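Hello,

Here is the structure I promised to pass on to you. Have a look at it first, and then read on for what turned up in it.

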Amino acid sequence: MPEVPLRMPKLSMTMEEGEFNSWLVSVGDTISKGTPVAVVMTDKVEMEVESTVEGTVLKLTAQEGDVITVGDPLGFVDSTSDEGLGDLDDLLG
Amino acid sequence: MRVIAKDPDLARHALETMWAARRFEEAVDELFARGLMHGTMHLSIGQEASATGTCLALRPDDMITSTHRGHSHCVAKGADLVRMMAELLARDTGYCRGRGGSMHIADVATGNLGANGIVGGGIPIAVGAALAQKMTNSGRVVVSFFGDGAANEGAFHEAANMAAVWHLPVVFVCENNHYGMSMAADQAFAIENISARGSAYGFPGVTVDGNNLQEVYEMVSVAVDRARAGRGPTLVENVTYRWKGHSKSDKNLYRTREEIAAWQERDPIARFEAEVREAGTLTAAEIDDARSTATQKVRNAIRTANAAPKAPADRNLLLDAVYAEVPA
Amino acid sequence: MTATITPSTSASPEGEQELREITYAESVRETLGDLLEADPRVFVMGEDIGVYGGAFGVTTGLFERFGPERIRDTPISEIAIIGAGIGAAITGLRPIVELQFSDFSACAMDQIVNQAAKIHFMLGGAAEVPLVIRAPAGSGTGAAAQHSQSLEAWFAHVPGLKVVMPATAADVKGLLHAAVEDPNPVVFLEHKLLYREKGQVPRHHHVPLGKAAVRRRGQHATIVATSIMVGKSLAAAEQLADEGIEVTVVDPRTIKPLDTETILSEVGATGRALLVQEAVLTGGFMAEGAARIAESDTFHRLQAPIVRLCGLDVPMAYAPELEKASVPQIPDIVAAARQLVKGA
C-alpha cells in the first residue's frame with residue numbers, strides 16, 4: 001500500500017510556513033479524506049489540517065513547535081484510497 | 001424533454017463532465033495546499049450538477065459568463081483541462097498566458113466569455129452579449145452564472161431590468177449555495193427564494209434543486225427555449241452547496257461541520273450515478289470507467305501543464321499585452 | 001523633429017474638401033450618422049438619446065433616421081449601459097455608449113475599470129473590447145458639483161483604456177472615427193461648453209489617436225492645453241502677441257496614449273512650459289505631463305520651472321462667479337504666460 005505524506009497545507013494566500021501545534025490522530029488510526037488530523041498555527045491563528053487521503057496513520061513526524069514549510073510532510077498515511085485523484089507526485093516531476 | 005439518466009451517451013457525458021469538474025477542483029485544492037498555485041482558489045466542489053445540467057441545455061455556440069467560482073462552468077462548457085490547469089499554474093500555455101489566473105479564465109471559442117473576479121461583474125456583460133445576439137439575429141443564447149451574493153449587487157438589478165425591457169435572450173442562473181462569502185443567504189435576503197426577483201423585473205423565476213442534474217437541465221432548457229424564441233430572460237435559481245470554503249483563506253467559522261457533512265451526503269454526482277444505475281442505463285463498470293476517464297484527463301492535465309514553461313516575466317511583453325493592436 | 005501646425009480648421013488628409021462652419025455638437029451628430037450608415041455593427045446606446053435627442057441635443061434627429069434598435073434609449077442604469085456595451089463589443093458589435101454626464105462614470109466604475117479596461121489583458125488577448133464611451137465633461141453650465149467634473153486623470157490612470165479630449169469641431173469628428181475603429185475601449189470626453197462652439201469642419205475627416213496637434217507656434221513659451229483650454233489658450237495667445245509675447249499652443253487631443261514626443265519637442269524649443277487644464281490641480285493629468293517633461297532630456301532645456309494652471313482643488317460650485325473662479329480663464333492664462341516669460 002502506498003505511503004502518502006500529509007503535508008503542511010497553504011491555508012491563506014500569503015502563507016509560506018506554519019508552526020505545528022498538535023496531532024488529533026494517533027498511529028494506527030483509520031482516517032478518511034477530510035478527517036481533521038492536526039492543528040497548526042499560522043498568522044497567529046490556529047487552523048485544523050484535514051487529511052487529503054484515506055487510510056491508516058503510519059508515522060507522525062511533526063512535533064509541537066516545529067516550523068514547517070508549506071508543502072512539506074507532517075506525517076505519513078498508509079493510503080487505501082484508489083478512488084480519488086491519486087498521488088500527484090509523479091505528475092509534478 | 002430528454003431524461004439524461006436514461007440516455008447512455010448523455011449519461012456518460014454528464015458523468016465524465018461532473019467528474020472532470022470534481023477531480024479538477026480536487027487537484028486544484030491539493031496543488032494549492034502544496035504551495036504550487038499562486039493567489040487563492042474558489043472551489044466549486046459540490047456544485048457540479050448546477051454547472052453541468054445548465055451547460056447540457058445549451059448548444060455549443062451558446063455562450064456563458066461565469067464567476068470567481070467558475071472552474072466547473074468552464075469544464076461543463078467544454079474547456080481544455082490542460083489550458084485551464086496551465087493557467088492556474090501560471091504557465092505560458094494557460095488560457096490567459098498566466099495573465100488572468102483562476103478568476104479570469106475564458107474560452108471564447110467554446111462560448112465561455114469569461115470568469116469574473118467582481119461579484120456580479122459578468123451579469124451586465126452577459127446581457128450585452130445577449131443584446132448583440134438579438135441585434136444580429138444569431139439565434140444564440142447567453143447564460144449568466146452568478147451566486148446568491150451577486151443577486152444583491154446593483155449590477156444584477158440593472159442588468160436584469162435591461163434584459164427584461166429589451167426581451168433579451170439571456171438566462172440568469174443563480175447558484176444559491178447559501179453563503180455569499182461568510183454571510184448566510186437568510187441574513188442577506190428578506191425574501192425566501194431569490195427566484196422571486198425575476199418577477200420583480202417582469203420575467204419568470206424558478207427555484208430548482210441545483211444538485212439534481214435532471215431538474216437543472218429541464219428548467220434551464222425551458223428557459224433557453226424561451227430566450228431563443230425571443231420571449232426574454234428567465235431566472236433559474238439552482239439551490240446547491242459548496243463543500244469547501246469561499247476561498248483558500250476561509251476558516252469556515254460561519255458554518256458547522258455538521259452542515260457541511262449533511263450536504264456532502266447529498267452529493268450531486270453520487271445521486272446521479274445512483275439514478276443511472278437504477279435505470280440500468282450504464283453498468284457499474286461503465287460508470288466507474290467514466291469516473292476514471294475523467295480522473296485520468298485531470299491527471300494528464302496536471303502533468304502536461306506542469307511541464308510547460310512558466311509565463312515569462314518580460315516587461316515588454318506585459319506592456320504589449322495591454323492594448324489590442326490597431327489594424328493598419 | 002518639428003510637427004506641422006494643425007490649426008483648428010484643419011484640412012483633411014483626404015484632400016481638399018469644402019469646409020463648413022458647424023458646431024461641435026453638429027459635428028458629433030453628423031459623424032455618428034456617418035458611422036451608423038457605414039457599419040451595421042455600430043449602434044449608440046444611452047439615456048434619453050432617442051426621441052429626446054440627448055441631454056445636450058447631440059443625437060437629435062438620429063433616432064428618426066436609424067430607429068430604436070440602433071439609437072437605443074436605456075433605463076437609468078449606468079452599470080448596465082457600460083456592461084452591455086462591453087458584452088456587445090466582445091461579441092462582435094461596435095457600440096458607442098453615452099454616459100449622460102462624465103460624472104456618472106462613478107456609478108459604473110467597475111465595468112469601466114475592472115471589466116472593459118482589463119478584459120483584453122486578463123484573457124491573454126483572447127477577446128477585444130471595441131467600445132467607445134462618450135460623455136459630456138466640464139463646467140460652466142451651472143450644473144454644480146456632481147455634473148461638472150473633468151475626470152480624465154481617473155481613466156488615464158487605468159491601463160487598457162484610451163482617453164480622448166477633442167477640442168474642436170473638426171477634431172471631434174476625426175477622433176470619433178478613430179475611436180470607433182480602435183479595438184480598445186476609448187473614453188471620449190466632450191466638453192459641454194464646446195458643444196455650441198463653431199468650427200470649420202470638412203465633410204470627411206480622420207484624426208489618429210495618440211497624435212498631438214500644434215495649433216500655433218511661438219518662440220517664448222509652450223502652452224500644452226486640453227479640451228476647452230485649447231481655445232482659451234489660443235485667445236490668450238492673441239492677447240499675449242499684442243504684448244510681444246509669442247507662444248506655442250499644443251493640443252494633445254489624446255491624453256492616453258499621450259504624444260510625449262511632440263510635447264517634449266515643442267517645450268524644448270521654447271524652454272518654458274505652461275500646462276493648462278480645467279481639471280483640478282492635484283493628481284490631475286498635467287502632473288503626468290509635467291513629470292514627463294521633467295524626467296526627460298528636455299529638462300536641461302528648461303529656462304524656468306514648469307507651470308501648471310489648473311482647476312482649483314474644489315468641488316464645482318453653483319454660482320456663476322464661483323464656477324468661473326474655480327477654473328482657469330483667459331486672463332489667468334495670459335497672466336501665467338506673462339509671468340513665465342517675463343517673470344512679472
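Let's begin in chain A, where strand β2(A) and strand β4 (residues 36–42) run antiparallel and are joined by four bridges. If you want a spot to look at, find Glu19(A), which stands opposite Met41(A) in β4(A). Please keep in mind throughout that this is a predicted model.

Strand β2 of chain A, which covers residues 17–23, also pairs with strand β7 (residues 67–69) of chain A, again in the antiparallel sense, over three bridges. There, Glu17(A) has Thr69(A) of β7(A) as its bridge partner.

Seven strands of chain C form an open sheet with mixed pairing, in the order β3-β2-β4-β5-β7-β6-β12. Its edge strands are β3 (71–73) and β12 (254–256) of chain C, each of which pairs on one side only. From one strand to the next, the twist averages 20°. At the β12 end, β6(C) and β12(C) run antiparallel and are joined by two bridges; Val163(C) stands opposite Lys256(C) in β12(C). Helix α2 of chain C (residues 62–70) packs on this sheet, where it touches β2 (42–46) and β3 of chain C. The direction of helix α2(C) makes about 65° with that of β3(C).

Now for the domains. Chain C is divided into domain 1 (22–202) and domain 2 (213–342). Taken over C-alpha atoms, the centres of these two domains of chain C are separated by 26 Å. Their contact takes 26 residues from domain 1 of chain C and 24 residues from domain 2 of chain C. On the domain 1 side, α5 (152–156), β6 (162–164), α6 (169–181) and β7 (186–191) of chain C each supply at least two residues. The residues of that side divide into 14 nonpolar, eight polar and four charged.

Chain C also touches chain B, in a contact that takes 35 residues from chain C and 33 residues from chain B. On the chain C side, the elements giving two or more residues are α3 (78–90) and α4 (109–122) of chain C. Of the elements there, α3(C) gives the most, with nine residues. The side of chain C that touches chain B is made up of 16 nonpolar, 15 polar and four charged residues.

Finally, which residues have the most contacts inside the largest nonpolar core? They are Val127(B), Val171(B) and Ala337(C), in a core of 218 residues. Helix α1 (residues 8–33) of chain B gives the most to this core, with 13 residues. Domain 1 and domain 2 of chain C both give residues to this core, so it lies between them. Apart from this core lies another, of 15 residues, including Leu6(A), Phe20(A), Val37(A) and Val77(A). In soluble globular proteins, nonpolar side chains tend to be buried together.

Happy exploring, and do write back with any questions.

Best wishes

Note on methods: Residues numbered from 1 in each chain as written. Chains lettered and ligands numbered in written order. Predicted model: local features only at pLDDT ≥ 70, side-chain atom pairs only at ≥ 80, totals over all residues. Core = buried A, V, L, I, M, F, W, Y, C linked by C-beta atoms within 7 Å. Buried ≥ 20, exposed ≤ 12 C-beta atoms within 10 Å, placed from the backbone. Domains from an automatic or database assignment. Contact = placed C-beta atoms within 7 Å. Nonpolar A, V, L, I, M, F, W, Y, C, P; charged D, E, K, R; others polar. Pairing = 2+ DSSP bridges. Axes fitted to C-alpha atoms, helices over the stretch in contact; angles between N-to-C directions.
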